[in-house]
Amino acid sequence: MSLAVVYSRASMGVQAPLVTIEVHISNGKPGFTLVGLPEKTVKEAQDRVRSALINAQFKYPAKRITVNLAPADLPKEGGRFDLPIAIGMLAAMGHLDAQKLHQFEFIGELALTGDLRGIHGVIPAILAALQSKRTTIIAHQNANEAALISDHQSYTARSLLEVVQFLNHQIKLPSTLSINPSNSDQTSHSPIQDLRDIIGQQHAKRALTIAAAGQHNLLFLGPPGTGKTMLASRLTGLLPEMTNHEAIETASVTSLIHNELNFSNWKRRPFRAPHHSASLAALVGGGVKITNNCQTIQIIVAL
């Protein structure tokens with residue numbers, strides 16, 4: 001079959017819209033054409049995919065290859081589309097059953113050796129795949145993040161070859177349902193800050209207790225060095241742990257920046273202390289992605 005369709009997810013703030021990757025291999029002058037509003041990092045997938053296929057012992061086709069990332073008006077960025085493009089090419093060459101790919105979504109960056117690398121924002125992508133009732137195949141580096149979503153099964157792989165063997169029913173991939181993030185090597189325990197560290201400030205402590213009990217807003221005023229930030233940081237120790245839904249939303253925001261989360265206290269409410277002179281652009285960011293960044297900041301403030 002010379003045409004294959006593979007599903008993946010883009011990253012747009014805390015949302016992960018569906019991206020349908022269409023790969024067509026035809027006769028003609030050998031070349032690789034990538035369309036669908038890809039940014040520079042996505043266009044570079046051509047070289048990564050070629051080297052990954054060759055090093056995974058697959059023959060790179062000397063034909064005309066056209067890859068379409070739909071919808072065409074959705075900007076695509078990052079290396080998250082490397083794996084689905086490679087899977088689509090292999091399906092178009094007949095190495096995979098293209099009909100079985102509709103139940104999966106593929107997300108991952110390829111190394112030149114064919115190994116899989118983790119990407120940012122994998123939690124929103126898995127949550128979106130859960131709503132679409134499709135199984136996600138991701139890199140092993142994102143396994144602990146995916147394991148936080150206990151009601152969805154995702155498979156993790158270390159290389160492109162493992163994914164191909166899994167789709168051909170030659171091996172079984174590890175499932176995230178069998179992973180306990182709290183036992184991860186990446187786990188680091190941080191002490192809980194409480195009010196016993198603060199000497200004096202009885203009125204401020206009382207205000208913190210009332211605000212935490214009644215879910216009220218709180219504003220500290222005073223000259224520098226009087227302990228306003230130290231008092232405010234103790235509020236998280238007075239609040240109850242987040243629910244699973246709240247914790248996953250917070251982890252979704254964190255996964256946009258970091259690949260590794262603190263799984264020992266991932267349900268603890270976060271505390272952020274921006275400087276009082278920070279501008280809106282410093283908090284939210286600027287440029288063409290200002291709308292997406294605003295959505296992320298709004299969720300952080302709401303939590």
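# A first look at this predicted chain

Of the 303 residues of the protein chain, 41% count as buried. This is a predicted model, and the chain in it has twelve helices and nine strands. Among contacts between residues at least 6 apart in sequence, 71% join residues at least 24 apart.

**The three-strand sheet**

- Let's start with an open sheet of three strands, whose order is β5-β8-β9 and whose pairing is parallel.
- Its edge strands are β5 (104–106) and β9, each of which pairs on one side only.
- On average, neighbouring strands of this sheet are turned by 25° against each other, direction ignored.
- Helix α4 packs on the sheet and touches β5, β8 and β9, with its direction at about 160° to that of β8.
- Helix α6 packs on the sheet as well, touching β5, β8 and β9, and its direction makes about 170° with that of β5.
- Strand β8 (residues 135–139) pairs with β9 in the parallel sense, over four bridges.
- Within this part of the model, Ala-139 stands opposite Ala-157 in β9.
- In a regular strand, side chains alternate between the two faces of the sheet.
- Which residues of β9 are buried on one side and on the other? Ser-154 and Thr-156 are buried on one side, Tyr-155 and Ala-157 on the other, and both faces of the strand are covered.

**The four-strand sheet**

- A second open sheet is formed by four strands in the order β1-β2-β4-β3, and here the pairing is mixed.
- The edge strands are β1 (3–9) and β3 (31–35), and each pairs on one side only.
- From one strand to the next, the twist averages 15°.
- Strand β3 is joined by five bridges to strand β4 (residues 64–70), and the two run parallel.
- You can find Val-35 opposite Asn-68 in β4.

**Aromatic rings**

- The count of aromatic pairs comes to three, where rings pair if their centres lie within 6.5 Å.
- One of them joins Phe-104 and Phe-106: the ring centres are 6.2 Å apart and the planes stand at 45°, so the pair is tilted.
- Both Phe-104 and Phe-106 are buried.
- Tyr-155 and Phe-166 form another tilted aromatic pair, at 4.9 Å centre to centre and with 45° between the planes.
- Why does this pair tie together parts that are eleven residues apart in sequence? Tyr-155 lies in strand β9 (residues 154–157), while Phe-166 lies in helix α6 (residues 160–167).
- Tyr-155 has a relative accessible area of 16%, so it is buried, as buried means under 20%.
- Phe-166 also counts as buried, at 13% relative accessibility.
- Together, Phe-104, Phe-106, Tyr-155 and Phe-166 form one aromatic cluster.

**Charges over rings**

- The charged end of Arg-50 sits over the ring of Tyr-60, at 5.1 Å from the ring centre.
- Arg-134 lies over the face of Tyr-7, and here the distance from the ring centre is 4.3 Å.

**A buried helix**

- How many of the eleven residues of helix α3 (residues 82–92) are buried? Eleven of the eleven are, so the helix is largely enclosed by the rest of the structure.
- The buried residues of α3 include Asp-82, Pro-84, Gly-88 and Met-89.
- Leu-83, Ile-85, Ile-87 and Leu-90 are also among them, as are Ala-86, Ala-91 and Ala-92.
- Just after α3 comes Gly-94, which takes a positive phi of about 95°.

- The axes of helix α4 (residues 122–131) and helix α10 (residues 244–255) come within 7 Å and cross at roughly 130°.
- On the α4 side, Val-122, Ile-123, Pro-124 and Leu-127 make the contact.
- On the α10 side, the residues are Ile-248, Ala-251, Ser-252 and Ser-255.
- An α-helix has 3.6 residues a turn, so residues three or four places apart point the same way.

Note on methods:
Residues numbered from 1 in each chain as written. Predicted model: local features only at pLDDT ≥ 70, side-chain atom pairs only at ≥ 80, totals over all residues. Heavy atoms only, no water. Phe/Tyr/Trp six-rings, centres within 6.5 Å; stacked < 30°, edge-to-face > 60°. Buried < 20%, exposed > 50% of the residue type's maximum accessible area, 1.4 Å probe, protein only. Lys NZ or Arg CZ within 6 Å of the ring centre and 35° of its normal. Pairing = 2+ DSSP bridges. Axes fitted to C-alpha atoms, helices over the stretch in contact; angles between N-to-C directions. Contact = heavy atoms within 4.5 Å.
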